[in-house]
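Visitor: I would like a close look at one part of this model. Please start with the chain as a whole, then zoom in.

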Amino acid sequence: MGKTGTKISVMVIDHDRYVRESLTLFFGGSPVDLLIFKTAKEGVNALKNHPVDVVISDYFLPDMDGLTLLKQVKEMQPDVLRILMATLTSDELEQEIQKAGINWFIEKPLTVASLDTVINELAKTNLSNQGRR
């Protein structure tokens, strides 16, 4: 992940306990500093004190939709890479994703291997170009 010797800070917001547990196990031994939250409010509060490189959000959250959350993330930390996950998509949602400038969209069911690939690809193309971390 990222440049040699650096950790990438990734925030995941997903209401599904199994997704959160699986990601914690998968990234546990990797060079990823992982922050995981259940609600958008928890994630937004954490962003106030913890700069991150990537925010991954499920679309269906208990307190706000993930697209709205990722728009707020951009206002708080403009250089953060933003990834949206959803089980159902529509033409309208796809247009909103493009309009919001979301860096990547992942259809669920999620596999941690596919998520790792996305994070690696985004890290290589964006973080190294920006000279972050």
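Predicted model: local features only at pLDDT ≥ 70, side-chain atom pairs only at ≥ 80, totals over all residues.

Guide: Numbering runs from 1 along each chain as its sequence is written, and side-chain values use heavy atoms, without hydrogens or water.

The chain has five helices and five strands, in the order β-α-β-α-β-α-β-α-β-α from the N terminus. Both are DSSP runs numbered from the N terminus: helices are H or I, at least four residues, and strands are E, at least two. Of the 133 residues, 41% are buried. Buried means under 20% relative accessible area, and exposed over 50%, with a 1.4 Å probe and protein chains only.

Now H4, residues 91–100. Its buried residues are Leu93, Ile97 and Ala100. They lie on the same side of H4, because they cover an arc of only 75° around the axis. That arc is taken from the directions from the helix axis to the C-beta atoms. Their cover includes helix H3 (66–76), strand S4 (81–86) and strand S5 (104–107). The other side of H4 carries exposed Asp91, Glu92, Gln95, Gln98 and Lys99. After H4 comes glycine 101, with a positive phi near 70°.

Conventions. Contact = heavy atoms within 4.5 Å.
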